[in-house]
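Please keep the sequence and the structure in view while reading.

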Amino acid sequence: MGSDIPRPLATALALFGCGIVAAAAWRWQLWGSVSGALLVALWLALRSLVVAPPPPRHDAPPVADPFANRLLLDAAPTPMLGIEAEQVRALNRAARAMFATDDRVLPPPPALLSRDARYLRHAERRWRIDRVVLTARGGERIVAALVDSEQEERVAEARATGEMIHVLGHELLNGLAPIVSLADSGVAALDRPAPDLPLLREILTTLARRTEGLQRFTEAYRALARLPEPQRRVVSLAPLADDLARLFAVRWPQVRLICDAAALPDWSIDRDQISQALWALLQNAAEAALASAADPRVTLALHVDGRTLACHVGDNGGGIAAADVARIFRPFHTTKPDGTGVGLSLARQIAHAHGGTLTLASAVPAHFILSIPYLDADVRVANDCANN
């Protein structure tokens with residue numbers, strides 16, 4: 001006997017879950033997540049209508065067009081559109097207000113009709129297009145959600161700024177407190193009838209070390225905050241990997257580097273920034289391997305999967321503690337006595353600036369993946385600017 005949940009009950013439970021996710025995302029102003037939850041909910045509702053319709057009844061009215069049911073989506077702040085053939089229709093109140101229409105969008109924006117277009121420029125704003133493709137007996141239909149990219153960027157920037165200010169204030173206070181205490185001790189030592197010169201020398205030496213540490217922290221913060229926009233050019237990847245391998249051999253002769261970067265195509269990147277990001281990963285890997293491995297080894301592998309460049313960096317060290325996994329990319333978080341906590345954060349910032357990602361694939365042993373998509377448009381623009 002099977003124990004499968006009936007399809008209507010499973011659909012209802014899934015819709016209920018989507019509602020919970022959408023409500024939580026709305027509370028935290030994660031509009032992209034709200035749109036994703038609503039798209040999944042709409043897909044489930046349409047699937048129940050067009051994929052597995054109920055048996056026909058002679059006394060029942062014909063099933064209405066699924067795109068005509070707007071009750072589920074009207075409360076969403078994200079504009080939702082239905083696309084079929086060359087027609088674009090507004091599915092909710094936000095879309096109708098955005099395009100000033102009650103139903104069809106005329107003329108349909110070319111970006112909505114193109115499968116490859118990721119963004120739409122409308123009313124002096126930039127919108128990201130999130131699509132869900134539905135296949136029914138009548139043909140293929142697309143549900144598209146338009147996410148305000150500028151608003152997402154403002155929310156993300158506000159959160160990043162708040163976290164940065166919190167970290168900066170914490171680090172500065174931690175650095176200034178002992179300096180103030182040492183300065184008071186030095187003044188007290190000078191006020192004695194017979195100043196203790198060895199004690200003063202020790203206090204001044206400690207003060208110098210603390211101020212140098214604070215200076216290094218400030219310089220690291222400045223480097224993180226002033227990362228320029230990447231200047232993408234088509235470059236050869238094999239020479240880039242060879243340069244990193246030679247530098248690694250000079251810097252860490254006691255660590256064996258296993259490099260795999262053969263038969264790679266040219267790629268559109270900012271060579272200096274990607275080298276900086278990979279060097280930060282290699283440095284972390286070498287230090288981890290040296291700290292806990294009898295035969296320290298680091299691996300660097302570059303592979304191309306379709307239109308994505310994946311750079312793998314790993315080591316045979318002790319790995320990353322579970323308590324630190326969620327914080328390793330946080331600016332200024334470090335477990336090293338002399339570390340600044342900037343390397344991984346800067347590497348991820350470089351990856352994001354290239355439209356890519358930096359992820360921790362494995363904590364034990366540590367294994368990072370830096371992924372960079374190939375963007376033809378960026379290369380054409382960069383080359384045109386260089387030629388002009």
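A residue is called buried when its relative accessible area is under 20%, exposed when that area is over 50%, and partly exposed in between, as computed with a 1.4 Å probe on protein chains only. By this definition, Arg297 is partly exposed, with a relative accessible area of 29%. Buried residues make up 36% of the 388 residues in the chain.

The structure is a predicted model, in which local features need a pLDDT of at least 70 and side-chain atom pairs count only at pLDDT 80 or more, while totals for chains, interfaces and linings use all residues. Residues are numbered from 1 along each chain as its sequence is written, and side-chain values use heavy atoms, with hydrogens and water left out.

The pLDDT is the predictor's confidence in each residue, on a scale from 0 to 100. Its average over the chain is 76, and 64% of the residues score at least 70. Over residues 1-5 the pLDDT is below 50, and this stretch has one contact in the model beyond near neighbours in sequence; a contact means heavy atoms within 4.5 Å. Residues 377-388 also stay under 50, and for them the model has eight contacts beyond four places in sequence. Where pLDDT is low, the predicted coordinates should not be read in detail.

The chain contains eleven helices and twelve strands. These elements are DSSP runs numbered from the N terminus, with helices (H or I) of at least four residues and strands (E) of at least two. Among contacts between residues at least 6 apart in sequence, 61% join residues at least 24 apart.

Salt bridges provide specific examples of links along the chain. A salt bridge is counted when a side-chain nitrogen of Lys or Arg is within 4 Å of a carboxyl oxygen of Asp or Glu, and by this rule there are seven. In one of them, Glu84 pairs with Arg141, with the closest N and O atoms 3.3 Å apart. This pair links distant parts of the chain, as Glu84 lies in strand E1 (residues 80-84) and Arg141 in strand E5 (residues 139-148), 57 residues apart. Glu84 has a relative accessibility of 29% and therefore counts as partly exposed.

Asp295 takes part in two of the pairs described here. Its salt bridge with Arg256 has closest N and O atoms 3.5 Å apart. Arg256 is in strand E7 (residues 256-260), whereas Asp295 is in the loop between helix H8 (271-292) and strand E9 (297-305), so that this pair too joins distant parts of the chain, 39 residues apart. Arg297 also forms a salt bridge with Asp295, at a closest N to O distance of 3.4 Å. Asp295 is partly exposed at 39%, and Arg256 is likewise partly exposed at 43%. Elsewhere, a network of salt bridges links Asp243, Arg246 and Arg271.

The next topic is helix packing. Two packed helices are described by the angle between their axes and the distance between the axes. The axes of H8 and helix H10 (residues 343-353) come within 9 Å and cross at roughly 145 degrees; axes are lines fitted to C-alpha atoms, for helices over the stretch in contact, and angles run from 0 to 180 degrees between N-to-C directions. On the H8 side, the residues that meet H10 include Ile274, Ala277 and Leu281, and among their counterparts in H10 are Leu346, Ala347 and Ile350. The residues of this contact divide into eight nonpolar, four polar and no charged. Here Ala, Val, Leu, Ile, Met, Phe, Trp, Tyr, Cys and Pro count as nonpolar, Asp, Glu, Lys and Arg as charged, and the others, Gly among them, as polar. Within H10, Leu344, Ser345, Leu346, Ala347, Ile350 and Ala351 are buried. H10 is followed by Gly355, whose phi is positive, near 80 degrees.

Several backbone details remain. The peptide bond from Leu106 to Pro107 is cis, with omega near -15 degrees, and Pro107 lies in the loop between helix H3 (93-99) and helix H4 (110-113). A cis bond also joins Val364 and Pro365, with omega about -10 degrees; Pro365 is in the loop between strand E11 (357-362) and strand E12 (367-373). Ala85, a residue other than glycine, has a positive phi near 60 degrees. Ala85 sits in the loop between E1 and strand E2 (87-90) and is exposed, at 66% relative accessibility.
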